[in-house]
Amino acid sequence: MNIPLRRAAYAMLTAFVVLIASVTYIQAVKGPELRDDPRNQRVVAWRTGRQRGPILAADGTTLARSTPSAADAKLYRREYPEGDLYAHTVGYTSVLFGSRGIENTRSEDLVSNRDSTISGVLNGLLGGDTNPRGVRLTLDHTLQTIAAAALGDQKGSVVALDPTTGAILTMVTYPRFDPNSLVGSDASAAGAALEADADEPWRDRSIDETYPPGSIFKVITAASGLDQGLVSPSTEFDDPVALELPGSDSTIQNFDGETCQNGTTVTLEFAFVKSCNTVFAQLGMDIGGDQLGFSSQAFGYNQTVPFEFNVLSSVFPPPGTIEDNPPATAQNAIGQRDNRATPLLMAMTAGAVANNGTHMLPYLVSEIFTSDGIVEMETDPSIWRRAMSPASASVLSDLMEQVVISGTGRRAAVPGVRIAGKTGTAQVTGKAPHAWFIGFGPVEASDDTPQIAIAVVVESGGDFGESATGGSVAAPIAQEILAAFFGA
Amino acid sequence: MTRRAEAGLIVAAALLVSIGVAIVEFTHGDWLDAQVALTFLAFAGSFGGLHLATSRWAPGASSLVLPIASFLTAVGFIEIYRLDSHLASLQRWSLLIASATAALILWLIRDRGVAVLRKFRYVLLAVGIGMLLLPLLPDSWPIHGATVNGSRLWLRIDIPGTLRVLSFQPGEIAKVLITIFLASYLAERAEAMSVVRRKIGPFKLPEPRHLGPVIVAAGAAFVVLIYQRDLGASLLLFGIFIGMLYVATGRSFYVISGGILAVLAGFIAYSTFDHVQRRVEAWLDPFAHYQDAGYQTVQGLFAMGSGALTGSGIGLGRPDLIPAAATDFIFAAVAEEMGLAGSLAVLAGFALLVATGFGIAIRSRDRFRKYLAGGLTIVLGLQALIILGGVLRLLPITGLTLPFMSYGGSSLLANLAILALLLRVSHEERL
């Protein structure tokens with residue numbers, strides 16, 4: 001009489017075991033996947049409402065912080081006290097638009113580890129610190145502020161870095177946006193307006209845009225010639241009004257349409273300081289398209305720059321494409337035609353000259369620290385690649401110093417500091433030219449002297465329009481930052 | 001275990017629920033208030049009262065039953081309170097009324113025991129079937145049925161002169177009455193029904209006339225399915241019939257033929273009713289039907305998945321995102337805020353209660369008490385399995401309350417009545 005009862009009991013208890021297995025599978029195994037499903041509204045509240053660690057500038061200025069929400073004690077509001085100044089680097093984390101910048105790349109550290117996944121629980125049980133970490137950036141708040149003011153409302157970018165370490169000191173782009181508007185109550189409208197803005201304020205022109213570099217590329221052409229042993233500063237070149245390009249009807253002229261010096265011959269040094277196109281186009285053809293391609297690659301062209309964020313590749317015709325095309329070689333050698341570069345890579349190029357020909361890996365995060373302020377991770381500077389020989393770097397350094405002393409870059413000079421530089425005025429069909437300046441200081445610095453390398457680009461001449469040159473528009477902006485850096 | 005231990009565990013459950021309510025208050029930014037004290041008093045009063053009634057009128061009863069039930073009720077109540085404090089205060093009254101009713105049952109049968117129920121079995125059957133049909137009363141009558149979420153399970157009584165109504169799910173009571181009838185009916189007929197006359201292959205066929213109850217069971221369940229459009233209630237009713245037939249006869253023929261009939265009926269329902277079809281499709285792939293029929297299931301899965309091992313903490317999750325979180329999906333709410341730890345505790349509680357119930361049945365000496373305790377345990381266990389299986393996506397989702405835990409007065413009343421009967425049978429096993 002009891003056998004059926006027992007069997008019914010076993011059947012039912014077996015069913016409960018199946019339920020136990022099922023709920024364990026759902027909660028312990030599938031849990032993270034279900035939690036992170038974009039349709040799960042908890043994710044939004046959890047991700048955006050949780051406390052996040054602070055993001056600080058190098059001097060401790062707060063760039064992002066979480067404050068308790070007034071409406072709900074367990075939710076936090078993310079604030080960006082510096083508004084649009086760090087919009088592209090610090091980024092944002094938003095309900096509607098996801099996250100970008102450091103808020104995106106360092107999210108793992110910035111959020112609390114206090115959750116109920118297996119690893120979270122174990123970490124908590126083993127006494128691990130579950131508070132969110134803070135991130136300290138290499139960005140210098142003073143320089144960043146001055147750079148933004150100097151650039152003003154001209155479209156373009158300013159990138160400055162420490163050439164000996166690769167630490168980014170300044171990264172400013174214009175136009176910008178206010179990340180606070182993307183986390184606030186009007187985020188939807190603000191995001192739509194941002195998306196619709198034809199000036200593309202969401203684009204970080206420092207890394208997410210390439211420009212023809214114009215004459216600043218002469219630094220790389222010169223480095224290539226020096227490295228090959230083809231030239232020295234005293235090498236003499238012909239000085240025509242217009243350089244005829246073999247195999248075509250086109251010519252290359254200097255900026256003012258005149259000869260470089262006196263129409264007979266001219267030294268490489270003189271041509272570099274005055275930025276003569278005729279001489280560098282000839283040098284480029286002497287070096288050859290393939291070799292110029294290899295040299296560009298050594299400087300980081302056609303390469304992915306390993307960085308906190310994706311950096312657009314700078315473009316030079318790769319070896320095997322323009323070797324037999326002297327006009328193309330000549331035009332690319334003076335930074336025109338197919339030649340495109342990011343402001344970051346150009347700042348790194350100035351940095352490589354300052355740093356004996358070696359590219360350091362650029363970095364933006366200097367350290368990760370715990371809620372108690374204990375540094376948990378510190379970025380060690382590391383070498384990325386050798387751009388040129390130390391000897392060539394030393395020669396170029398002198399040439400670039402002359403540009404600032406007596407050439408096109410005079411307006412970047414800082415009293416009492418040996419500044420080196422190169423200007424560029426990149427011609428763009430149908431538009432005003434882009435004004436460039438790259439430079440560094442101090443020249444021949446001793447190891448313990450603070451050093452800085454910089455790139456400035458102002459799109460389409462900025463406030464000067466058609467009459468803009470690198471020397472008149474970009475060099476003064478660089479000067480303000482250099483002067484501030486050296487306390488002059 | 002002793003009665004004294006039972007009392008201690010009931011106090012522990014009352015403390016547990018009070019602490020839970022206090023945590024909800026804290027997480028909502030409030031301080032301790034009267035709700036904590038009222039909840040403690042309601043739990044101590046109702047389950048403590050049942051403990052006293054048991055000590056007096058069924059002193060030999062198992063002392064496991066009440067502590068498990070009070071624990072399950074406490075866990076469910078914390079989530080109900082967290083979801084809607086107004087519902088929770090109604091639930092407190094329901095708890096008091098339901099435990100008073102359970103105590104009343106213990107008092108009524110204090111002298112003659114459960115055996116007295118056998119005398120009234122046809123009355124109980126008639127009342128039970130009547131209650132099943134009550135929700136079909138037309139809307140215009142003062143006492144009328146009501147359709148909620150597509151199922152006509154509710155009875156509403158308009159209180160004259162006011163706009164207030166009393167709502168009740170008579171089906172919850174009906175299942176208890178029908179179980180008592182079946183236990184009594186089968187206790188008389190079981191021997192005849194288990195006699196084997198013919199065999200077809202491995203199956204031993206009973207007398208054709210004894211197939212009657214199976215067909216009645218399938219018919220009744222199907223009628224409920226069609227008229228009240230409720231899959232859960234009909235499945236439960238059908239399961240009770242088949243389960244009790246098996247317990248009484250030991251013939252797996254009933255389970256197999258019942259299973260075939262159920263599949264057949266399910267197939268007919270699937271091809272006939274749109275709402276059944278939608279539910280089955282949403283069961284097979286709820287994420288593909290996220291916008292409509294699968295929404296509730298997916299929200300339940302999100303809640304449970306987000307809860308992970310230790311849960312969000314009471315008051316810190318978002319169980320309010322799940323439709324019907326306080327009733328059908330109370331388990332998902334518990335799983336989200338109390339984590340796998342909480343859900344395993346709840347499942348263990350139900351398994352323990354079911355095991356205790358079957359233990360009472362097995363130890364009972366006469367057929368009626370065996371079938372009654374077994375049947376009531378099947379009612380409790382099957383109802384929990386059907387709704388939990390739905391929440392955990394092992395079965396299509398059906399509208400049933402989770403015994404003791406879901407919000408709902410009728411459900412609480414029926415389940416505490418079941419406990420009273422189980423306690424009495426347990427007491428009588430020693431007579």
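How many residues of chain A are in contact with how many residues of chain B? In this predicted model, 38 residues of chain A are in contact with 41 residues of chain B, where contact means that the C-beta atoms of two residues, placed from the backbone, lie within 7 Å.

Local features here need pLDDT of at least 70 and side-chain atom pairs count only at pLDDT 80 or more, while totals for chains, interfaces and linings use all residues of the predicted model. Residues are numbered from 1 along each chain as its sequence is written, and chains are lettered from A and ligands numbered from 1 in the order in which they are written.

## Where the chains meet

On the side of chain A that touches chain B, two or more residues each come from helix 1 (3-29), helix 2 (31-35), helix 3 (41-49) and helix 6 (118-125) of chain A. Helices (H or I, at least four residues) and strands (E, at least two) are DSSP runs, numbered from the N terminus. Helix 1 of chain A gives the largest share of this side, 19 residues. By class, the side of chain A that touches chain B holds 21 nonpolar, nine polar and eight charged residues. Ala, Val, Leu, Ile, Met, Phe, Trp, Tyr, Cys and Pro count as nonpolar, Asp, Glu, Lys and Arg as charged, and the others, Gly among them, as polar.

## Chain B

Chain B has 15 helices and five strands. Of its 431 residues, 55% count as buried; a residue is buried if 20 or more other C-beta atoms lie within 10 Å of its own, exposed if 12 or fewer, and partly exposed in between, with C-beta atoms placed from the backbone. Among contacts in chain B between residues at least 6 apart in sequence, 69% join residues at least 24 apart.

## Helix pairs

Two packed helices are described by the angle between their axes and the distance between the axes. Axes are lines fitted to C-alpha atoms, for helices over the stretch in contact, and angles run from 0 to 180 degrees between N-to-C directions.

| Helix pair | Angle between axes | Axis distance |
|---|---|---|
| Helix 9 (231-249) and helix 14 (367-391) of chain B | about 145 degrees | 9 Å |
| Helix 10 and helix 16 (390-406) of chain A | roughly 135 degrees | within 9 Å |

In chain B, helix 9 passes helix 14 in a right-handed crossing. A crossing is left-handed if the near helix is turned anticlockwise from the far one by less than a right angle, and right-handed if clockwise. The residues in this contact include G232(B), G239(B) and G243(B) of helix 9 of chain B, and G374(B) and G375(B) of helix 14 of chain B. By class, the contact of helix 9 with helix 14 of chain B has 12 nonpolar, six polar and no charged residues.

In chain A, helix 10 and helix 16 are oblique to each other; angles under 35 degrees count as roughly parallel, over 145 as roughly antiparallel, 65 to 115 as roughly perpendicular and the rest as oblique. Helix 10 of chain A also passes helix 16 of chain A in a right-handed crossing. V219(A), A222(A), A223(A), L226(A) and D227(A) of helix 10 meet S392(A), V395(A), L396(A) and L399(A) of helix 16. This contact has seven nonpolar, one polar and one charged residues.

## A sheet in chain A

Five strands of chain A form an open, antiparallel sheet in the order 8-7-19-18-17. Two strands pair if DSSP finds at least two bridges between them. Strand 8 and strand 17 (420-428) of chain A stand at the edges with a single partner strand each, so one side of each is left without a neighbour in the sheet. From one strand to the next, the twist averages 5 degrees. Strand 17 and strand 18 of chain A run antiparallel and are joined by eight bridges. G421(A) has G439(A), in strand 18 of chain A, as its bridge partner. Helix 16 of chain A packs on the sheet and touches strand 17 and strand 18 of chain A, its direction making about 75 degrees with that of strand 17 of chain A.

## Backbone details

Most residues other than glycine have a negative phi, and most peptide bonds are trans. A cis peptide bond joins Y174(A) to P175(A), with omega about 0 degrees. P175(A) is in the loop between strand 8 (168-174) and helix 8 (179-183) of chain A. The bond from G441(A) to P442(A) is also cis, with omega near -10 degrees.

E200(A), which is not a glycine, has a positive phi near 55 degrees. E200(A) is in the loop between helix 9 (187-196) and helix 10 (218-227) of chain A, and counts as partly exposed because 14 C-beta neighbours lie inside 10 Å.
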